[in-house]
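Colleague: Before I rely on any labels for this structure, could you set each of them against its cut-off for me?

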Amino acid sequence: GVVKSTVQSGVMALFAVAGTVPVWIAIAFFVASTGSTAAFYAFTKFGLNLKLRDKGMLIPQLSGSLCVQVVFLVLAPNLAVLFLLALFVTMGYGAIQFSPRQFTIAWLFYGGVTGIAIWLVKDRFGYPGVSGFEIVLVWLWFFLALWLQTNTSAQFSHLRDQLSKKNQELQVSLAQIAELASHDYLTGVLNRRSLIEKLEAELQRVYRTGHPFCFVMVDLDNFKEVNDKFGHPVGDAVLKKVSECANKSLRALDRFGRLGGEEFGIVLPATWLDQGVIAMERLRKTVIEYDWESIEPGLRVTFSAGITTNAAGDTVETMTKRADEALYKAKRDGRDRIVSVEEALPDMPMVDPD
């Protein structure tokens, strides 16, 4: 704003030198233009604009520019085209920040005020002189306006880049929120809600395809004793490491999640029961063979698991209930083992071969 006012005032002074306008017009333009710009700068420098609704003071700035340009359009009508050009550029600056409604209001207001001003000076309306010096000055004014318009476009491009960057940051934040909402904060695996959703989705898929799948409930053995003996930080490390072992041992399409405490659940898509038992034995071996001494001397970790496969008419509740019953049996039979269970086949009536 300061640079624009200074350069415009300088060009106006040259018009005075060329005799296009009186000297007092050039002086008055300098005082009005640079004075209003300095006033707005001081207003924002001392933070007075923060008390206003329009903290960027866009409306006051555009209004001030309109007043200056229109007043001097009336005082120096032979330079009216130049003042109108300056208003056009100023309007372009406001357009990148206006809402559609604000832009329409500003467009009508600017158009109405300039129309009235031109009508008032219709008898004196003219153009700058045709001397070589004046032609150069007209070009210089246009060149300045072109620079300001380019600068406005650059600001628009900058705002667009900022918006794009903010959108990218928003997408990352939304992804992080979704991750936090669907995953356990400690282990990073699926939380209970997400795992149950995976189980429900697998049941729906089975109803369409008829392919079998397995659901497993896993419980770490004697985990309370681990916490009591070694402390909760070690217990947390165990939960994390067991989750890592599961992610390494299971297939990419398998879904592993924490149901709560030391209890985990696993959805094994497209898996027969015997295949699921093999997969769980592989995971059990992986957990047993891990060097738990590296976490805490004397530490040993095992788990018990109950596994079941889907049956006709199954729901989330029926599958989790069967898997939980199988897990309870594994605990009761001595822990550190996998117990499988299937839904009992319905009783079939006896058929007399005769």
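Modeller: What follows takes a few residues in turn and sets their values against the definitions. This is a predicted model, in which local features need pLDDT of at least 70 and side-chain atom pairs count only at pLDDT 80 or more, while totals for chains, interfaces and linings use all residues. Residues are numbered from 1 along each chain as its sequence is written, and side-chain values use heavy atoms, with hydrogens and water left out.

Colleague: Why is Thr-302 called buried?

Modeller: Buried means under 20% relative accessible area, exposed over 50% and partly exposed in between, with a 1.4 Å probe and protein chains only; Thr-302 has 7%, so the residue counts as buried.

Colleague: Which label does Arg-300 receive, buried or exposed?

Modeller: Arg-300 has 60% relative accessibility and therefore counts as exposed, whereas Asp-336, at 22%, is partly exposed.

Colleague: What makes Asp-336 and Arg-300 a salt bridge?

Modeller: The term requires a side-chain nitrogen of Lys or Arg within 4 Å of a carboxyl oxygen of Asp or Glu, and the closest N and O atoms of this pair, Asp-336 and Arg-300, are 4.0 Å apart. Asp-336 lies in the loop between H11 and strand E5 (338-341) and Arg-300 in the loop between H10 and E4, so the pair ties together parts that are 36 residues apart in sequence.

Colleague: How far apart are Arg-284 and Glu-281 in helix H10?

Modeller: They are 3 residues apart, which means a separation of about one helical turn, and their side chains meet in a salt bridge at 2.9 Å, N to O.

Note on methods:
Helices (H or I, at least four residues) and strands (E, at least two) are DSSP runs, numbered from the N terminus.
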